[in-house]
Amino acid sequence: MTLWKPDPTFYPSPRDAAEAPPEKLAYVAAFDRSAQRPDALAVLDTDPGSPSYGTVVGWTDLPYTGDELHHFGWNACSSALCPYAPHPHVERRYLIVPGLRSSRIYVYDTKDRVSPELVKVIEAEELGKRAGYSRPHTVHCGPEGLYVSALGGYGDDGPGGIAILDHNSFDVLGRWEVDRGPQYLAYDFWWHINHDVLITSEWGTPSMIEDGVVGELLLGRKYGHKLHFWDLRKRKHVQEVDLGDQHQMALELRPAHDPTKTYGFAGVVVSVEDLSASVWLWHRDDRHGDGSRWAAQKVITIPAEPASPDDLPDVLKPFGAVPPLVTDIDLSVDDQRLYVSCWGTGELKQYDVSDPFKPVEIGSVRLGGIVRRQAHPAAPDERLAGGPQMVEVSRDGRRVYVTNSLYGAWDDQFYPDGVGAWMAKIDADSFTLDERFFPHGDDFRGLRPHQTRLQGGDASSDSYCYP
């Protein structure tokens, strides 16, 4: 695992990363909703010059059942080059893969092989006893170790928070937070690494999400709707920003990659007032001259689309409309383009965010959707369920990958006739679908694809310390 020279996939700046060579493989987490078969890591060929382009070329089954793979990440990334916490001789080699339902964390080796090989299993008990958490969710490689967010407590429903794993041994070191303040709900996290600021978002505790969206909790405005700001070095909560309790489920966070900037985007799933979805910008609060406080403002609103109740699943029939359900966003490495997935309406939107306070929609692709069931041009007669959900952008910003499954319980609620399984690739410049890249159906062996990680890194895997 130790190299004489820094890993060539590490880049000191986002400018350098944007000039990286194209990825040739994509790793996709796929899960069995019935929990009767093991989940798996599927490996896709993303090299257009390859005879197997667009197909599954590697496959690794997990050793157990019932994990429900969701989000996962690399063991190391460009943050290893940061001068105050350097780890320049580790390599981007291992995938850290949490089971959202089992609370296990798996470590897979990808070096010199197509199908990843299991090298370590962190059992739920180790995570719980050493860090006090369960339901691991998001993985980021960062200063001092591997950060893993968790939705629940160990033996308790909450609070959720962040656990730290050792870079080398992958042992659980403990809980990250020294002073969590009022924070209780957890989901995503990211940071402004040069400014010693960490940001967390909110979804719900395990009991709140276990069986899907609970109407009483949603209409009662009980799901997460706040952003939390922390001192990264002191591991201390410093500020809470409430987006308003009508804005339910503040999920994905995407900070600017430029380490001199202190802004980022947060996606909100739904407003209980009109079923719209939204994207918010967090930034320094100019009303405080010392820059110590933070503010957030809504910069994108996506309205619901009217629909006949006859075409809607039971959970939506009373509303007569399809909510966009923004469940993922991704920001290109050059900070110029923001991608927003509308899983309910079946749409991926592209925004120019060169002025982050004034995003401008410049592209849209339709696939699937609760009502539309828009087909892919590679299979024009096949009505697709699901919609663009997890989004991943290549380091050079030219390719966008999407998968269609969100979370087992949500899949079943919003697509009760079956969510299917598919993955698509979009050319970022023309914003059109690649007709040669459409693995779907049996390609995923009956499993549902969720998050994608790209060989060598991608737009949501690395943070940088130099502009």
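Modeller: A disulfide is here a pair of cysteine sulfur atoms within 2.5 Å. In this predicted model, that rule gives a count of 2 disulfides.

One link is formed by cysteine 77 and cysteine 141, whose sulfur atoms lie 2.5 Å apart. The cut-off for a disulfide is within 2.5 Å. The link of cysteine 77 and cysteine 141 is right-handed, with 130 degrees about the S-S bond. Cysteine 77 belongs to the loop between strand S4 (73-74) and strand S5 (94-98), while cysteine 141 belongs to strand S8 (residues 133-142), so the pair ties together parts that are 64 residues apart in sequence. Both ends can also be described by their accessibility. Cysteine 77 has a relative accessible area of 1% and is therefore buried, because buried means under 20%. Cysteine 141 has a relative accessible area of 2%, so this residue is buried as well.

The other link joins cysteine 82 to cysteine 465, with an S to S distance of 1.9 Å. The link of cysteine 82 and cysteine 465 is right-handed, with 90 degrees about the S-S bond. Cysteine 82 is in the loop between S4 and S5, and cysteine 465 is in the segment after strand S30 (448-454); the pair thus links distant parts of the chain, 383 residues apart. Cysteine 82 and cysteine 465 are buried.

The order of the links along the chain can now be stated. When the bonded cysteines are numbered in sequence order, the pairing is 1-3, 2-4. Another cysteine may be mentioned for its accessibility: cysteine 342 is buried, with a relative accessible area of 0%.

S30 is part of an open sheet of 4 strands, in the order S3-S2-S1-S30, with antiparallel pairing. Strand S3 (56-65) and S30 are the edge strands, each pairing on one side only. On average, neighbouring strands of this sheet are turned by 20 degrees against each other, direction ignored. Strand S1 (residues 25-31) and S30 run antiparallel and are joined by 5 bridges. Within S30, leucine 454 is the bridge partner of alanine 26.

Conventions. Residues are numbered from 1 along each chain as its sequence is written. This is a predicted model: local features need pLDDT of at least 70, side-chain atom pairs count only at pLDDT 80 or more; totals for chains, interfaces and linings use all residues. Side-chain values use heavy atoms; hydrogens and water are left out. Helices (H or I, at least four residues) and strands (E, at least two) are DSSP runs, numbered from the N terminus. Buried means under 20% relative accessible area, exposed over 50%, partly exposed in between (1.4 Å probe, protein chains only). Two strands pair if DSSP finds at least two bridges between them. Axes are lines fitted to C-alpha atoms, for helices over the stretch in contact, and angles run from 0 to 180 degrees between N-to-C directions.
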